[in-house]
Amino acid sequence: MTEQIAVVPGDGIGQEVVPATQRILEAVGPDFEFVEAEAGDAVKEETGTALPDATRELVADSDATLFGAAGETAADVILPLRQVVDSFVNVRPARAYPGTDALRPETDLVFLRENTEGVYAGHESRLTNDVATLTRVVTESASERLAEFACEYVEERDEDGFTIAHKANVMRETDGLFRDTVDRVADVRGVPHDEVLMDAMATHLCLRPEEYGVVVCPNLAGDVLSDLAAGLVGGLGLLPSANIGPENALFEPVHGTAPDIAGEGVANPCATMFSAAMLLEHLGYDEEGQAVRGAIESVLEDGPRTPDLGGSAGTAEVTEAVLTRLS
Ligand code: ATP
Ligand code: MG
């Protein structure tokens, strides 16, 4: 079966790391048909819209999307695209690799962040000059959907279980519903799980990140804790992410357009390549995903490395090195 992969490089270093990553996907084998589309600042300048309908439709029709980054127009591009894939979970691994200068080398975490509600569902009001309010929405159905995904994620990867991060001692109704729902689903499916207050987890992550593996959390907590974990492993150039929906999914590096280095040929392609490994695994190509991951890891360990990791190689040289390891 041929799968269609939408390729949306976007702006800045997206134009460099996405084509490099497409070469990795081509090299590793599955019968993918790549279709490229535009989004971001450049296409807005040309056409007046940052997210052309053609791109939206392509992403909706594809089995998966590989996205780079968008500049000023990021919110006009990535938020609608996440809606197009109906992404209910944001998967953010944070893993320290040998050969990189991580603050906490023992870190190996994956955040499964609720992606549709919580405070980011955004019912904000300005009541008076003095008072602004925010209504936080948590539903049992969205919590259930995330919990089912988390259970499958853990089972498929033979993980020990997961930790629920929340603040149900204060937000008793909203985080209480979240916690109770995830807890119930995991009980029914027999998946081991524990829970920890999200503020305590922030401290634990700094001191003893090795105590955690898979972390399931509401939207805002997931945003903050996964950024904290990014600091533990060092280097935006290494962090992948996935937005998973019921029918399709979008994979992107955590970093943005990096305007300070864009066009210089020195962007680290590893974050996008790790995102591609997630794409492969999501589509059921586990061996190919593992192979890509292994090849990147071995290049990280032995070099060549890009300047953000203390090396002097360019994007092209690192890409060739990964391709060589793959063959
Ligand atoms: P944006 O508004 O698009 O997010 P930004 O200025 O916040 O742009 P980021 O892409 O978030 O830039 O990057 C922040 C810093 O990390 C920059 O100094 C950038 O050069 C560096 N950086 C990010 N990604 C990479 C990468 N893949 N390779 C090398 N350096 C990177
Ligand atoms: Mg940024």
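**Notes on the model**

1. Starting with the ligand: a polar side-chain atom of D260 sits 2.7 Å from an oxygen atom of ligand 1. On its own, ligand 1 exposes 600 Å², and the protein buries 64% of that. T257 also uses its side chain, with an N or O atom 2.7 Å from an oxygen atom of ligand 1. G256 works through the backbone instead, where an N or O atom lies 2.8 Å from an oxygen atom of ligand 1.

2. Which residues are closest to ligand 1? They are G256, T257, A258, D260 and N268, out of 13 residues that surround the ligand.

3. Before going further, a word on confidence. This is a predicted model, and the chain averages a pLDDT of 95, with 100% of the residues scoring at least 70. For the complex, the predictor gives an ipTM of 0.95 and a pTM of 0.94.

4. Some backbone geometry deserves a look. Most residues other than glycine have a negative phi, and most peptide bonds are trans. A258 has a positive phi, near 45°, and its place is in the loop between β12 (249–253) and α9 (270–282).

5. Is D86 buried, partly exposed or exposed? It counts as partly exposed because its relative accessibility is 34%, between the 20% and 50% cut-offs.

6. The peptide bond joining G303 and P304 is cis, with omega about 0°. P304 lies in the loop between α10 (286–302) and α11 (315–326).

7. On to charges: how many salt bridges does a search of the whole structure find? The total is 21. In one of them R184 pairs with E144, and the closest N and O atoms are 2.9 Å apart. This pair links distant parts of the chain, with R184 in helix α6 (residues 174–189) and E144 in helix α5, 40 residues apart. Both ends count as partly exposed, R184 at 36% relative accessibility and E144 at 28%.

8. The side chains of R157 and E156 also meet in a salt bridge, at 3.8 Å from N to O. E156 is exposed, with a relative accessible area of 61%, whereas R157 is partly exposed at 35%.

9. D302 and R325 form another salt bridge, with the closest N and O atoms 3.4 Å apart. Here the link runs from helix α10, which holds D302, to helix α11, which holds R325, across 23 residues of chain. D302 counts as exposed at 57% relative accessibility, and R325 as partly exposed at 35%. Elsewhere, E148, E152, E155 and R189 are joined into one network by salt bridges that share partners.

10. E155 itself lies in helix α5 (residues 140–156) and is partly exposed, with a relative accessible area of 39%.

11. Last, the surface: Y120, L220 and V224 make a nonpolar patch of about 270 Å². L220 lies in helix α8 (residues 219–233) and is partly exposed, with a relative accessible area of 36%.

Terms used. Residues numbered from 1 in each chain as written. Chains lettered and ligands numbered in written order. Predicted model: local features only at pLDDT ≥ 70, side-chain atom pairs only at ≥ 80, totals over all residues. Heavy atoms only, no water. Patch = residues over 30% accessible without salt bridge, like charges linked within 9 Å, V, L, I, M, F, W, Y side chains within 5 Å. Areas by Shrake-Rupley, 256 points an atom, 1.4 Å probe, with all protein chains shown as cover. Salt bridge = Lys/Arg side-chain N within 4 Å of Asp/Glu carboxyl O. Helix = DSSP H or I, 4+ residues; strand = E, 2+ residues; numbered from the N terminus. Buried < 20%, exposed > 50% of the residue type's maximum accessible area, 1.4 Å probe, protein only. pLDDT = per-residue confidence, 0-100. Near = heavy atom within 4 Å. Polar contact = N/O pair within 3.5 Å; in protein donor to acceptor, adjacent residues only side chain to side chain.
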